[in-house]
Structure formats: structure tokens, C-alpha cells
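Hi,

Here is the structure I promised to pass on.

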There are 2 protein chains.
Amino acid sequence: MAQSAKRIVLAARPVGEPKATDFRLEDYPVPTPGNGQMLLRTIWLSLDPYMRGRMSEGPSYSAPVPVGGTMEGGTVCEVMASNNPGFAKGDIVLAHSGWQQYALSDGTGLRKVDPKVAPISTAVGVLGMPGMTAYTGLLEIGKPKAGETVVVAAASGAVGSAVGQIAKIKGARAVGIAGGKEKCDYVRNELGFDECIDHRSPDLAAQLKAACPKGIDVYFENVGGKVFDTVFPLLNDFSRIPVCGLIADYNTIFTKDTPTPPWANTIMRAILVKRLNFRGFIVRDFAAMFPDFIRDMPQWLREGKLKHREFISEGIETAPASFMGLLKGANFGKQLVRIGPEKM
Amino acid sequence: MAQSAKRIVLAARPVGEPKATDFRLEDYPVPTPGNGQMLLRTIWLSLDPYMRGRMSEGPSYSAPVPVGGTMEGGTVCEVMASNNPGFAKGDIVLAHSGWQQYALSDGTGLRKVDPKVAPISTAVGVLGMPGMTAYTGLLEIGKPKAGETVVVAAASGAVGSAVGQIAKIKGARAVGIAGGKEKCDYVRNELGFDECIDHRSPDLAAQLKAACPKGIDVYFENVGGKVFDTVFPLLNDFSRIPVCGLIADYNTIFTKDTPTPPWANTIMRAILVKRLNFRGFIVRDFAAMFPDFIRDMPQWLREGKLKHREFISEGIETAPASFMGLLKGANFGKQLVRIGPEKM
């Protein structure tokens, strides 16, 4: 009889904030690879805000997870057995095998991870999708110039922390927004941002204005909500707003059906008068920049210009609670789940 | 004693829609040019929606006209007397001398108009600011590709008519929106747009959807309001929205003080998920494109690829009523006021 493994499936589509009963822990038999296939053992599971979108139906850039299906997610895995000539037993690979301990793969979309470059967990963090999101959105859309002011929220998180540090590397002023004194201290003192504001402060607007005496030239939008409202009046003429996430609104957006938008004339008027450039993006739109990314980012890591932090929960059973925490900002750094040991 | 001339001044800042009493017709003595100056006689006054902005205080890209000051505007003038070595008596010039019959100029910002290229009124129309607005916004921000669908409102107007025709020249499908059957027939039959929809139709949304079976790739935004609401759900992934005007909302925007925007999560979510690119612009931002513009547009005019239409009112006294009409779409083509004869 096959060995048993564990996975987390979507039990129900959440209404508003996801709750524990929207997830279900299941046992399943460890599968056997067929022709051309390999068996992957999950070491690291990445938790990311986009997963909230996959839990709901409705138009988005990817299909939702079906009810009863395994939750989606990026993973770092070890190849345990391989019938695929491109991969050998013992290889470490970046996969998208989801919230489960074992999975089959025919190699499609896999990338080998070299453990000598950096700890393998960075393949789903600063050297992976979140790092690439920061790098491409900031450099291709934000285009910060030396002396300009770049603002990013969730500044201690996987994307935000890289955005501010890359802005500094490019000679810009970096202002972060984060939740609580501990995170703000880290962003200023460890990551080297010029300022970091606590979004829970009652005088957020006044503090942000003081931190941006020359206004804001690039606002890297990954949260939305109140932070956007606060940033909006400070945007300078010709500022650029890469839009890659709206975590503050994910729970409400997905509970309402809003086919006809209100005519948001304040936003549109600002776009016109200030010649703003709002541009949405998904990291895969910039796949062509991968060679630049993988040239620059490990180099910056080695030079100590780029720091990162991981926030790790232990065991697949902790994935739902960690994900619910992530949506509320309970994590401090890149949220990972250790599904299995690096070496068995 | 000096000869008397007439001008229109701003009598009061309008609340909502401008009314006749917001303007005042005044007599003033024809001025005498000093050292380096010349006397300009206005032949054509251009009326344009942006002037509504100049009538109100509040943040915009230009200072407002002071109460009691002469209304601003682009003009085509004859040089009547010149103490300026760069200009001779009899020269025709493009100026910004406002709603008046005579003005002094030291030559700053003037451009000579060659009457042999095209009728001189085109210097404030299809070969002037409105044409340049269409050309630069569509080609630099909209970037229509062959086979894509470009939508523009006020399609029989100075900017919209050029936008759709340039889109056709570039191989795109052009869909116009205009007010009334006569304008729509003109846009389809004379300008050669693929479709034109009457924005007064009760089933505007259904008609627009039918006219854009593959969705909308470029929406050239010059009206806002209900048309924007109708276009919004039809925007394709990666569509571009050059924002150069919001005429439908000019009267309301300027009557409200809205320093804190509502959080327009529907718009922001669409920007993210569809990777939209909203970018505001003012034609002078693209001044570097003037050589391209002045190479292409007269050529297209001569080849018959570009048609235009003028809507002329006679005499400076008619300027306020014509301007109020312009804001309601009463004009059919580029709105001009003939202030004086081409030859005296």
C-alpha cells in the first residue's frame, strides 16, 4: 500500500475573510510517477496574497481553484524519483505544486534551483516571484530617477522590502509604510529605507506628508484601501503607479458584484491634470526581463545591498492559519511554510 | 484718439454650467506697439473645452483667468504693425491672444502660419493644438496596432475626428461616439470610421458592445461621465487609455471640492487585473513630436486621408454663447469664432 501524504484543499469559497472551515486537510496516497514523470517532495510552500483571488470565482487573470481541489502555490521541491530525462533524483526544483507534501510533474514549468547561489527558500522569495515582481514593476513602470521619492506599503514584506531597496540602489528616496513599530524599525534600520510610517498611526497622512517633502514620484501599489487614499493627494505631476496588488480590498472586492463602476471622477481628473500613469501588471508580463533580474538580484544580495527576511510556519497543517494571517499582515517578512526538511 | 476694439472678459467665476453673465463684452482702445512689439489683429479665435478649467480656481495645469481678465484662447492673427525684427506687417501668426480683436505681442510663443499649406484656420484646428492632441495622445500612449479597436467620443469634434482617422490610417478599427444621427452619419460616411454610436441612445451599452465585438484596445478619453462608464467594462487586457479631457464632468468637477478621493476600488482592480494603462497628458508634454506631426498631418490632409469640419460663429460677441454651446455639444466640428476678415 502506498505511503500516505497530506494536502490542503479548498473546502468552500470564502465570503469576505477566509476562515478555517474554508480549508480542509486531507490524506492521500503518495503517487507513483509514470512515463516521463517525476515525484516531487515539497520542502517550502510560498504563501502569497494572490491566492485569495484563486479562492473566488469571478474574472481575474487566472482560473480559480475548484472547490475540493488542492490549493495552488509556488513550492521548492526535491525530486525523489524521476522518469524524466531532464531531471535527476536529488535535484532541487522550483515548482507550482500547491499546498501538498508530494506531487507528480512532467517537468512543465519547473526550474532547477542551485543551492550554491543562495538558500533554496529564496527561489520563492527575494530571488523568485516576489523579488521579480518588485524588480520588474519598479524598473519597467515606476522608472525611479535619482532624487525622486518612491513609496511602497507592506514595506517589510516580500515585495515591498525589495521595492524600497532597489529604489535606494537606483538613487531614489525610499519611504515605506508598514504595520507597527517593530516592522517600521526593521524597514528603516535593517533595510535602509529613508523613512517608514506605521499605517496604524492616527496621523498617517501628516506623517507621510512629512516623510515626502517633495511629494511622491512613484507609488508602488500593492495594498490599496486607506493607504492609497493617503498617498493619492501627494502624487506629483508625472508620477508612475505600478499596480500589482490590492490586498486591503481583496476580501471585500470578492464579496461584491460590481459590474458597473461608479464614475470615479476624482481619480480620472488627477490622472489628467497631473498626467499620472497608472499601469497594472502581473509579473509574468515581464518574463523577458528574467535574465536581467537573475543577473542583478543575486549580485545585490551578495553585495549586501539587498536584505530579506523570512517568516516561517512549520508543517502543512499550519498553511491555512498562516495564509489567513498573511491577509491581515500578521507575517513579518516573506511568508513560507516548511512542508518537509531540506534533507531527509 | 485711439480706435476702439472689443474683448470678452471673465465677469464672474461660474458655478456649474457657465452662463451669459459670467462673461462681459468690453470696449478698449487698440493698443500701440512699443519697442520690439507688434500689433496683432485677430482673425480666428479657437474655442476649446479646456477653457472651462481656466474659468475656475483650483489645482490644474495652468493658472486661472483672473476675474476681470480677458478670456484666454488660441488665435490666428494678422500682424498689423511690427517693431519686431522677426515679424513683418502682413504676416499671419498663430498666437494665444485670447478673446479680443487686437493685442500686443513681443513675439514670444508666436508661430508663423503659411497660408499656402492649408486654410489658416486649420492652425488652431486639425493642424494645430487639437490635431496635435489627437496625434500625440493616440500614437504615444494609445499605440494602436493593426486590427485593434480604438474608441473615441466627441467623434465629430476637433480632436475625436482626427483620433479615429489616424487610427484608420494605422490599420485599426475606429469606433466613434457622437451626439445625434447627423453627427454619427458624418463620422461614418465622411470620416470613414467603422461605426459611430449615438450617446443619446437608450441602449448605448448594447450598441457599443455590438460595435466592438473584440472589445476595446484603446479608449481615447476626452469626455468622461456616462461614456466612460459604458466603455469601462469592454476594455481588453492591456488596453491603453490616454486621458486628455473630461468634458462631461467639467461643470460638476469645478463646483465641488473633493480633496480626499473615494477609494475607487473597481477602477483600481480593473487596472490590476486587466493590466490597463491609464495615462494623462497635455499636448505640450509631447512638444518634441511636433516635427513628426507637421510632416504627417498636412500630408494626410493632401492625400484626403484626413478630413475635418469647422463650426463657425461670427463676431466676438458670439464667443460666450458659442463656448457655452461647445460644453453641451452644440457644435458640429471644430468650434471657431471669426473675429475679423482674413483680408481687410
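Let's start with a pairing: strand E3 (residues 38-46) of chain A runs antiparallel to E15(A), with three bridges between them. Two strands count as paired if DSSP finds at least two bridges between them. Within this pair, Ser46(A) sits opposite Leu336(A) of E15(A).

E15(A) also pairs with strand E14 (residues 310-314) of chain A, this time in parallel and over five bridges. There, Glu314(A) has Arg338(A) in E15(A) as its bridge partner. To get from E14(A) to E15(A), the chain passes through helix H10 (residues 319-327) of chain A, a right-handed β-α-β crossover. Right-handed means that, with the strands pointing away from you, the path from the first strand over the helix to the second runs clockwise.

E15(A) itself covers residues 334-338, and four of its five residues are buried. Buried means 20 or more other C-beta atoms within 10 Å of a residue's own, with C-beta atoms placed from the backbone.

Now the whole chain: chain A has 10 helices and 15 strands. These are DSSP runs (helices: H or I, at least four residues; strands: E, at least two), numbered from the N terminus. Of its 344 residues, 49% are buried. The C-alpha atoms fill a box of roughly 65 × 45 × 35 Å along the principal axes.

A bit of housekeeping: this is a predicted model, where local features need pLDDT of at least 70 and side-chain atom pairs count only at 80 or more, while totals for chains, interfaces and linings use all residues. Residues are numbered from 1 along each chain as its sequence is written, while chains are lettered from A and ligands numbered from 1 in the order in which they are written.

Cheers

Notes. A residue is buried if 20 or more other C-beta atoms lie within 10 Å of its own, exposed if 12 or fewer, and partly exposed in between; C-beta atoms are placed from the backbone.
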